[in-house]
Amino acid sequence: MAAIVGRDSRSIGQQQRRFQNEEFRSAVRALLMTPLMSPDHDDFPTVRRQADALRDWFGRETGWALQIEHEGARLFKRPADLTSTMRGLPFYDRRRYVLLCLACAVLERADPQITLRLLGERLLQFAAEPTLAASGFSFTLGAPHERRELVAVCRTLLDLGVLQRVAGDEDAFVHAGGDQADALYDVQRRALAGMLAAVRGPSTFRPEDAPVTLDQRLHALVDEHVADSDEGRRAVLRRQLARRLLDDAVVYTDTLDAESRAYFVNQRGAMAARLCDATGLVSEQRAEGLALVDEAGSLTDVAMPAEGTDAHVTLLVAEFLATVYRQRQTDAPGATQPFGGLTREQDVVDYLRESKPRYGKYWRKSAREPGAERELAEIAIERLEKLQLIVRDADTVYPRPALARFALGEAEVRDFRETHGVPTAAADNPFGPT
């Protein structure tokens with residue numbers, strides 16, 4: 001009887017540890033996808049239960065601070081690459097980011113509740129600043145497209161939990177613009193305070209000490225103290241690489257400086273094991289670099305593959321570029337072309353035009369119109385660039401090694417009676433599953 005009880009106790013302990021590990025992994029993934037998390041988020045109770053372990057892990061592996069309170073959670077993610085143009089909110093350009101910052105400035109000074117119309121009127125006052133005007137920025141709310149921009153910013157704030165809609169309709173405000181077309185919001189102060197993920201706030205600089213150039217401003221916001229020791233410098237390298245692996249689809253060795261490359265080559269196995277254990281990602285290590293792959297497809301904001309015309313076209317373009325890449329590698333294995341060769345954007349456009357008779361029946365109607373292939377090519381190239389599968393320079397596309405996972409090999413047809421199988425297509429690629 002004592003032996004049976006002992007086995008049951010060990011089984012219960014193992015189940016509890018397994019549950020704790022799974023819950024911790026779920027919380028890590030949730031915070032990576034939703035770093036500004038409201039109490040209404042489905043995973044917020046899990047995050048609160050794992051608060052201490054999460055703070056320790058993010059602090060140790062990435063150096064990102066994590067605040068968890070009753071009103072929500074904020075993971076202060078900071079990108080490893082400040083120059084990347086592939087980050088940001090969907091459909092946001094520089095103008096819309098200015099409007100978002102101005103809207104947050106209005107809300108900081110607002111009452112606990114605010115209407116959409118009042119938000120717009122007060123935003124106009126900030127938009128009239130001479131500094132913004134000198135930069136060519138103007139905003140009047142007089143045209144429907146400007147009201148649409150304000151509504152897009154408000155919906156972003158709604159998604160982030162900074163605003164909560166009480167009543168009203170934003171669409172009516174866009175189309176009507178009259179006094180009766182309005183919306184009422186509650187302002188969530190805690191979420192608003194967590195919007196800026198910076199080490200130092202811009203308002204803390206004295207005018208004479210304020211950074212001037214954009215690069216200086218970015219670094220002034222996020223640069224952290226580094227201990228002047230070998231251990232301190234190694235910690236910075238480890239955290240920078242961990243940030244890139246968690247934020248980006250793949251890290252290529254040739255994109256790292258000499259010091260980072262030396263550390264990465266020696267430590268990437270252990271680093272990948274730690275990150276994968278906590279996130280559920282799967283590491284793919286090749287001579288060209290390291291990728292952390294999400295087999296579930298839920299830990300990314302740009303999916304490959306996905307549904308719809310744009311996604312289908314992107315897969316076609318990826319296969320086309322990967323086939324060209326592999327062919328050039330085969331024809332000239334010793335070539336030293338950057339990134340394995342180049343392809344003109346016009347070649348992609350021509351390929352989509354030639355593919356339209358075969359695949360167009362699966363596309364939306366507008367994508368089958370004459371000349372639509374140019375817009376489709378731009379959409380596909382931008383998505384592949386965000387996934388770091390290609391590099392674009394002017395009108396030239398340079399495939400990266402990880403793109404080879406989309407190159408289909410020659411099909412090897414076998415007799416079903418001998419293999420009890422089906423025809424297969426094997427992918428011969430240097431940076432993907434074989």
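Mentor: Let us begin with a convention: axes are lines fitted to C-alpha atoms, for helices over the stretch in contact, and angles run from 0 to 180 degrees between N-to-C directions. Please keep in mind that the model is predicted. Helix H14 (residues 345-359) and helix H15 (residues 372-386) pack at an angle of about 120°, and their axes are 9 Å apart.

Trainee: Why is H14 called oblique to H15?

Mentor: Angles of 65 to 115 degrees count as roughly perpendicular and those over 145 as roughly antiparallel, with 35 as the limit under which they count as roughly parallel; the rest are oblique. The angle between H14 and H15 is about 120°, and therefore H14 is oblique to H15. Their crossing is right-handed.

Trainee: Which residues of H14 and H15 meet?

Mentor: From H14 there are Glu-345, Gln-346, Val-348, Val-349, Leu-352, Arg-353 and Lys-356; they meet Glu-373, Arg-374, Leu-376, Ala-377, Glu-378 and Ile-381 of H15. By class, this contact has six nonpolar, one polar and six charged residues.

Trainee: What makes H5 and H7 roughly perpendicular to each other?

Mentor: Helix H5 (residues 116-127) packs against helix H7 (residues 144-159) at an angle of about 110°, with the axes 11 Å apart. The range for roughly perpendicular is 65 to 115 degrees, so H5 and H7 are given that description. On the H5 side the contact is made by Leu-116, Leu-119, Gly-120 and Leu-123, and on the H7 side by Leu-150, Val-151 and Cys-154. These residues divide into six nonpolar, one polar and no charged.

Trainee: How do you know whether Gln-50 is buried or exposed?

Mentor: Buried means under 20% relative accessible area. The value for Gln-50 is 7%, so Gln-50 is buried. Gln-50 is placed in the loop between helix H2 (44-49) and helix H3 (51-61).

Trainee: What makes the pairing of the Gln-50 and Gln-20 side chains a polar contact?

Mentor: The limit for such a pair of N or O atoms is within 3.5 Å, and the polar contact between these side chains is at 2.9 Å. Not counting residues up to four places away in sequence, Gln-50 touches Gln-20, Glu-23 and Phe-24.

Trainee: Why is Phe-320 called buried?

Mentor: Its relative accessible area is 19%, and the term applies under 20%. Phe-320 is therefore buried. Phe-320 lies in helix H13 (residues 309-331), and beyond four places away in sequence it touches Thr-343, Asp-347, Val-348 and Tyr-351.

Methods:
Residues numbered from 1 in each chain as written. Predicted model: local features only at pLDDT ≥ 70, side-chain atom pairs only at ≥ 80, totals over all residues. Heavy atoms only, no water. Helix = DSSP H or I, 4+ residues; strand = E, 2+ residues; numbered from the N terminus. Left-handed = near helix turned anticlockwise from the far one by under 90°. Contact = heavy atoms within 4.5 Å. Nonpolar A, V, L, I, M, F, W, Y, C, P; charged D, E, K, R; others polar. Buried < 20%, exposed > 50% of the residue type's maximum accessible area, 1.4 Å probe, protein only. Polar contact = N/O pair within 3.5 Å; in protein donor to acceptor, adjacent residues only side chain to side chain.
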